[in-house]
Structure formats: C-alpha cells, structure tokens
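Please look over the sequence and the model before reading on.

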Amino acid sequence: MQDIAQRATGRQEAGQRPSVLPRRAALATMALGLPWLGGCSVGAALSAMTAKGQGRLLADQSYGPDPRQSADLFLPGRIESGTPAILFFYGGSWNRGDRETYRFVGHALAARGCLVAVADYRLYPQVRYPAFLDDGALALRWFRAQLPRLGAVAAPVYLMGHSAGAYNAAMLALDGRWLAAVGERPQALAGWIGLAGPYDFLPIVNPDVRPVFGHPNVAPDSQVFAHVRAGAPAAFLGAATEDDLVDPQRNTAGLARRLREVGVPVVERFYDQANHMTLIGAFAGPLRWVGPVLADVADFVGARAPA
C-alpha cells in the first residue's frame, strides 16, 4: 500500500521487527485490499454499508476557488447549540485521496450526533508543503461560518485526521500561523483528533513524500513536535498497537508524552486488532469489530446519538 504518509519512517526504519497482524485484521486487509484509501469503489461500498442514522448529506460544498477546495457536510438527525462539529482530513501521503471515498466516516459520526465536514485539499504535484495547510485553514474558516445557518450556533469545533490528514489537523491545532492567516485561532478549537498520524518523520524516506516537503531541504518547523506548547487544544491520539507504516511509539505515544509535559489534556488509545488502514476503516459498519475507534472519538467530543 503506497498511499500512506510515512511508509519508511516507522518501525522498519527504527530497526524493529515487523509486526504480525491479528488474523482477522490481516484477512480484512487482504480481502478489501484497502484501495479505498486511494479513492476506489470499496470506499463507496463501506459508506453504503455504514448506518447513516437520521443524518443527511450535503455534497459538493466549496470552501475556495480551486476544485480541490471542496467538502461534503453530514448533518445529524438533530442539531442543537452544543452539537459537536468535526472537520475531517483523510490521508494519502499528500499525493492522493478524495472525500467521496471517506463518506463512511462522515455518516458514522453523524449517526452518533456530530455535524461533520469531510474536506478535500490540494495535493502534490499541484502543490507542496505548506499549501495543504493553507487549504485546511480555509476549510475550517468556511466550516465555522456554516454552523450558525445549520443551527449549531455554539458548537464545539474539532479537527480530525487520519495518517497525512492527522498531520494536517495537528499542524492547524498546534502551529498558529496557518489559522491566523485566515482570521482564526487554535484557541477557538475544542480539541483535535489524530489517528495514526506522522508527527515526527525526519529524515524522510518515503519517495512519495520527499518532493512534497522539498527533500533534502526540509524545513525543521514542518514537524509537529516543533510546535508543542502549553495552552494547545486538547488532543485525542489513537493508533494501532502494531503499525509498520507510521511508528505508533515514535509518533502517537511520543506526541502524547510531549503534550502532557506542557499540561495539554490528552486521551491516548491503542487498538490491538487494528493496523494502519483498518484504524480508519473501523468507522465503517463492517469493520467495527476492529476496535471501538468510533465510540472513543464520539466520547472525546461529547457526542450523543439521536434518540
């Protein structure tokens, strides 16, 4: 699988032995092939099989002038002033991905009572770092502007991402430059959620990722660890216990430890049955057995499923 943020900067780079996936997770990965991370019809199938609850989809919303600056909105059956609002970014090495593939994430969270946006963003080779962070900031400003008209006047707003998308969410939440450029502030976020995120990936080994960050002249402040600070929004950091693509100890556990050291509240979860891909797949109905990732994220944001 090539569409992950940090293929060679995980356990194998650290000289550790490859993991042996639990049998069911391995079979699920083999059966699906997980090309849905690259935008094929398996993602649509997972979305179709994921309970939509009472939510509805508002597709093809523009948050900027470029065709890639678009998002889908997922509305829960009931919207109140405190309804959690989540802006989700998918992964794909900043090279590939599309929001249609990840509609199962929006449907699953909407069924739990969240108002969700799943956003596209510009990818390499159209852009390089940090343009996709500019897009994420624009998407957040747009998303927050939609909330009053949707009835979520005082909604707590969260950023969320998987793999490369978790990096995007982390940088927007911790490095104030990107949100400040569009008149927003990290302090206005209720928190952020990172799943299997690459937060410390120098030196870059993955050939797909190298040109994205201008290897070998990579800016040191491109790394999430460089922006850990007191007063940052609360974080939910989740990962597979065994992930050969993005090292969970170096990245998830390492970032959790650094955030706690400066007093930032952190919820840290590891899932024994998951791997890098099925961690996000677990939001879909057929893969919920992988682990309670959806339930844990819903608990973190304080979601209440419609009665």
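With which residue does Arg260 form a salt bridge? Arg260 forms a salt bridge with Glu268, and the closest N and O atoms are 2.8 Å apart. A salt bridge here is a side-chain nitrogen of Lys or Arg within 4 Å of a carboxyl oxygen of Asp or Glu.

## Basis of the report

The model is predicted: local features need pLDDT of at least 70, side-chain atom pairs count only at pLDDT 80 or more, and totals for chains, interfaces and linings use all residues. Residues are numbered from 1 along each chain as its sequence is written, and side-chain values use heavy atoms, with hydrogens and water left out.

## Overall composition

The protein chain has nine helices and eight strands. These elements are DSSP runs numbered from the N terminus (helices: H or I, at least four residues; strands: E, at least two). Of the 307 residues of the protein chain, 58% count as buried. Buried means under 20% relative accessible area, exposed means over 50%, and partly exposed lies in between (1.4 Å probe, protein chains only).

Among contacts in the protein chain between residues at least 6 apart in sequence, 79% join residues at least 24 apart. A contact requires heavy atoms within 4.5 Å.

Eight strands form an open sheet with mixed pairing, in the order 1-2-4-3-5-6-7-8. Strand 1 (56-62) and strand 8 (266-271) are at the edges with a single partner strand each, so one side of each has no neighbour in the sheet. Neighbouring strands of this sheet are turned by 15° against each other on average, direction ignored. Two strands pair if DSSP finds at least two bridges between them.

Strand 7 (residues 235-240) pairs with strand 6 (residues 191-195) in the parallel sense over four bridges. Across this pairing, Trp192 stands opposite Ala235 and Ile193 opposite Phe236. Six bridges join strand 7 to strand 8, and these two strands also run parallel; here Leu237 stands opposite Glu268, the salt-bridge partner of Arg260.

Six of the six residues of strand 7 are buried, so the strand is largely enclosed by the rest of the structure. In a regular strand the side chains alternate between the two faces of the sheet. In strand 7, Ala235, Leu237 and Ala239 point one way, while Phe236, Gly238 and Ala240 point the other way.

## Helices

Helix 4 (residues 131-150) lies across strand 1, strand 2 (70-75), strand 3 (85-89), strand 4 (115-119) and strand 5 (157-162), and runs at about 150° to strand 3. Helix 5 (residues 164-174) lies across strand 3, strand 5 and strand 6, at about 145° to strand 5. Axes are lines fitted to C-alpha atoms, for helices over the stretch in contact, and angles run from 0 to 180 degrees between N-to-C directions. Just after helix 4, Gly151 takes a positive phi of about 95°.

Helix 3 (residues 103-111) is mostly covered, with seven of its nine residues buried; among them are Phe104, Val105 and Leu109. Gly113 follows helix 3 and has a positive phi, near 100°. Helix 9 (residues 293-301) is mostly covered, and seven of its nine residues are buried, including Asp296 and Phe300. Helix 9 is followed by Gly302, whose phi is positive, near 75°.

## Nonpolar core

The largest nonpolar core has 97 residues, of which Trp192, Phe213 and Phe283 touch the most other members. Such a core is a set of buried Ala, Val, Leu, Ile, Met, Phe, Trp, Tyr and Cys residues joined through side-chain atoms within 4.5 Å. Leaving aside neighbours within four places in sequence, Phe213 has contacts that include Trp94, Tyr129, Phe132 and Ser222.

## Salt bridges

A search of the whole structure finds 13 salt bridges. Asp208 and Arg96 meet in one of them (3.5 Å, N to O). Asp208 lies in the loop between strand 6 and strand 7 and Arg96 in the loop between strand 3 and helix 3, so the pair ties together parts that are 112 residues apart in sequence. Asp208 is buried, with a relative accessible area of 19%, whereas Arg96 is partly exposed at 26%.

The side chains of Arg99 and Asp120 also meet in a salt bridge (2.5 Å, N to O). Arg99 is in the loop between strand 3 and helix 3, and Asp120 is in the loop between strand 4 and helix 4, 21 residues apart. Both Arg99 and Asp120 are buried. Salt bridges that share partners join Asp60, Asp72, Arg99, Glu100, Arg103 and Asp120 into one network.
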